[in-house]
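Q: I'm new to this one and would like to learn how to read it. Could you walk me through it piece by piece?

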Amino acid sequence: MSQSVSVTCARLVATKLALYKNGKHVTQLKRACVTRPHGGTETRMRLCIHRGTREIGGTCVELESAGQRILLDLGLPLNAKDVASTPLPTVAGLADADPSLLAIVLSHGHRDHWGLVPKALPGIPVVMGEAAERIMRAAADFVPDPFAPTASQHLKGGKQIQIGPFKITPHLVDHSGFDAYALEIEADHRRLFYSGDLRAHGRKGKLFEQMIAHPPRRIDVMLMEGTSLGRLADDAKFKTEPDLENAFVERFKATSGMALVACSAQNIDRVVTVYRAAKRTGRALIVDAYAAEVLKATGNDRIPKPVQGWPNLAVFIPHVQRISLKRKGIAPLVDSYRGFRLWPEQLAEQASRSVMLFRGWMLKDLDRAGALAGARVFWSQWDGYLKDRAGMQLKEECVARGIPFESVHTSGHASPGDLKRLAAAVAPKRLIPIHTFERLRFPELFDNVTLVDDGQWIEV
Ligand SMILES: [Zn+2]
Ligand SMILES: [Zn+2]
């Protein structure tokens with residue numbers, strides 16, 4: 001024993017893990033580490049939420065074990081003016097090289113979870129879902145502050161990966177972002193479960209029920225999102241995507257001209273909902289090059305995209321987009337939409353048989369084409385974005401032109417009732433709120449809640 005005591009703690013932990021695999025001598029080695037002569041203690045995974053204990057967005061969690069670290073998400077805060085003026089969290093290795101920062105693991109492709117990654121040193125390995133990576137790369141040609149990541153390895157539901165001392169088991173979840181994961185992480189025999197962003201009422205709600213039926217076991221700390229708290233009554237339910245599909249069917253039937261749906265092309269569940277409602281009402285879904293590329297990037301055969309075998313789908317390239325594609329030297333991209341193209345002179349004639357996946361700046365094209373008679377706009381994203389400049393402008397313009405404007409949306413996040421079911425199923429020793437403006441509601445709703453502050457280190 002005395003020889004064990006003289007080795008470094010990091011080495012002891014390595015030995016401990018190796019022995020644990022064989023199921024031997026774990027307690028003995030732990031004791032050896034605890035009784036180190038210079039007063040050191042057993043290594044134990046620690047965590048620090050750098051951002052997210054009191055807000056939705058900007059999520060960043062650092063995990064540390066035996067001097068090695070990973071980040072879970074590195075998001076842009078929702079209220080950030082831009083990336084340039086938003087400081088990185090104080091994590092060693094983000095701004096100055098530090099090899100003990102092993103990786104940044106991204107739960108999904110929403111900017112409030114990855115938005116600050118482009119600001120970090122480029123050499124840090126990024127780990128994320130393969131489809132999420134493809135979608136981000138496809139979107140990078142079309143969005144402001146683009147980021148086209150090259151992942152060092154991929155998250156895949158149920159497939160455990162190891163990064164240094166961290167064993168990570170991703171769980172594919174239902175969310176408004178495609179290819180999103182909750183993460184089960186083990187190090188130093190401690191177990192953490194990070195919910196990421198998730199819900200139960202989307203097109204993959206089955207995944208949530210599977211998690212409730214087979215939750216991760218023996219969780220010491222669970223970081224659970226609480227986006228819906230304060231936005232929805234505790235006993236209320238969100239509409240499901242199929243509910244929304246029916247709502248769209250009704251609306252499209254009552255629209256004499258073109259139905260314009262303002263939703264994110266990256267909300268794949270919603271695009272599917274709108275596509276199905278369009279099909280049910282004898283309309284074609286018109287998408288632009290951005291949406292077309294994002295849909296192709298899902299790599300999923302059941303998701304509509306401008307490739308052979310998908311009816312009721314058309315691609316229209318707005319004027320501004322055509323110029324932008326030319327400027328970026330990627331105009332030939334549109335050649336792949338052959339057979340799906342809809343030209344400006346066809347818009348008016350097709351209006352009553354069409355639904356357009358739409359953003360405010362496309363009004364110009366529709367106006368020029370005389371395709372706005374009888375049109376209606378359906379806002380199908382978070383109402384909070386109507387306070388942004390683009391959202392406000394669109395609404396004002398619709399009012400000025402007499403175009404009916406209506407919100408038809410459901411949340412990308414679990415209701416309080418579903419969160420209660422999840423917390424009860426996982427039954428962690430400690431439940432820590434994250435991704436919420438309502439942390440103080442957690443102790444009222446869930447058991448074993450521990451409140452922490454941004455920047456506070458705790459042992460798992
Ligand atoms: Zn989020
Ligand atoms: Zn999200």
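Q: What spacing do the donors of the zinc ion (ligand 1) follow along the chain?
A: Keep in mind that this is a predicted model. The pattern for the zinc ion (ligand 1) reads D-H-x83-D-x237-H. In residue names, the coordinating atoms come from D112 (OD), H113 (NE2), D197 (OD) and H435 (NE2), at 2.1 to 2.2 Å.

Q: Where do D112 and H435 lie?
A: D112 sits in helix α4, while H435 is in the loop between β18 and α15 (442–445), so the pair ties together parts that are 323 residues apart in sequence.

Q: Are D112 and H435 buried or exposed?
A: The cut-off to remember is that buried means under 20% relative accessible area. D112 has 10% relative accessibility, so it counts as buried. H435 is buried too, with a relative accessible area of 2%.

Q: What coordinates the other metal, the zinc ion (ligand 2)?
A: Here you'll find H108 (NE2), H110 (ND1), H175 (NE2) and D197 (OD), at 2.1 to 2.3 Å. Written as a spacing, that's H-x1-H-x64-H-x21-D. H108 is in the loop between β4 (101–105) and α4 (111–114), and H175 is in the loop between β8 and β9, so this pair ties together parts that are 67 residues apart in sequence. H108, at 2% relative accessibility, counts as buried, and H175 counts as buried at 1%.

Q: How far apart are the zinc ion (ligand 1) and the zinc ion (ligand 2), and which residue coordinates both?
A: They are 3.5 Å apart, and D197 is the residue that coordinates both.

Q: Why is the arrangement around the zinc ion (ligand 2) called irregular?
A: Look at the angles between donor atoms. A tetrahedral site with four donors needs all angles between 85 and 135 degrees. Around the zinc ion (ligand 2) the 4 donor atoms subtend angles of 92 to 160°, which makes the arrangement irregular. The site of the zinc ion (ligand 1) is irregular as well, with angles of 85 to 165° among its 4 donor atoms.

Q: Now sheets. What is the order of the strands in the open sheet of 6 strands?
A: A handy general idea first: in a regular strand the side chains alternate between the two faces of the sheet. In this case the order is β7-β8-β9-β10-β11-β18, and the pairing is mixed. β7 (161–163) and β18 (430–434) stand at the edges with a single partner strand each, so one side of each has no neighbour in the sheet. From one strand to the next, the twist averages 25°.

Q: Which helices pack on that sheet?
A: Helix α6 (residues 205–213) packs there, touching β8, β9 and β10 (190–194), and its direction makes about 130° with that of β8. Helix α14 (residues 416–426) also packs on the sheet, where it touches β10, β11 (221–225) and β18; its direction makes about 170° with that of β11.

Q: How many bridges pair β8 with β9?
A: There are 7 bridges, in the antiparallel sense, between β8 (residues 166–173) and β9 (residues 180–187). For one pair to find in the view, L172 has Y181 in β9 as its bridge partner.

Q: Which strands does β1 pair with?
A: β1 (residues 46–51) runs antiparallel to β19 (residues 457–459), joined by 3 bridges, with L47 partnered by I458. β1 is also joined to β2 (residues 60–65) by 5 bridges, again antiparallel; there, I49 stands opposite V61.

Q: How many residues of helix α9 are buried?
A: 8 of the 9 residues of α9 (residues 289–297) are buried, so the helix is largely enclosed by the rest of the structure. The elements covering its buried residues include α5 (130–139), α8 (268–280) and β13 (284–287). Just after α9, G299 takes a positive phi of about 65°.

Q: What does R439 touch?
A: Leaving out residues up to four places away in sequence, R439 touches T53, R54, P433, L451, V452 and D453. The C-alpha atoms of R439 and T53 are separated by 7.2 Å, although the two are 386 residues apart along the chain.

Q: What is the mean pLDDT of the chain?
A: The mean is 91, and 91% of the residues reach 70 or more. Over residues 1–39, though, the pLDDT is below 50.

Conventions:
Residues are numbered from 1 along each chain as its sequence is written. Chains are lettered from A and ligands numbered from 1 in the order in which they are written. This is a predicted model: local features need pLDDT of at least 70, side-chain atom pairs count only at pLDDT 80 or more; totals for chains, interfaces and linings use all residues. Side-chain values use heavy atoms; hydrogens and water are left out. Two strands pair if DSSP finds at least two bridges between them. Helices (H or I, at least four residues) and strands (E, at least two) are DSSP runs, numbered from the N terminus. Axes are lines fitted to C-alpha atoms, for helices over the stretch in contact, and angles run from 0 to 180 degrees between N-to-C directions. Contact means heavy atoms within 4.5 Å. pLDDT is the predictor's confidence in each residue, from 0 to 100. Donors are N, O and S atoms within 2.8 Å of the metal (3.2 Å for Na, K and Ca); water is not among the atoms, so sites may look incomplete. Four donors count as tetrahedral if all angles lie between 85 and 135 degrees; four count as square planar and six as octahedral if opposite donors are over 155 degrees apart and all others between 65 and 115; anything else is irregular. Buried means under 20% relative accessible area, exposed over 50%, partly exposed in between (1.4 Å probe, protein chains only).
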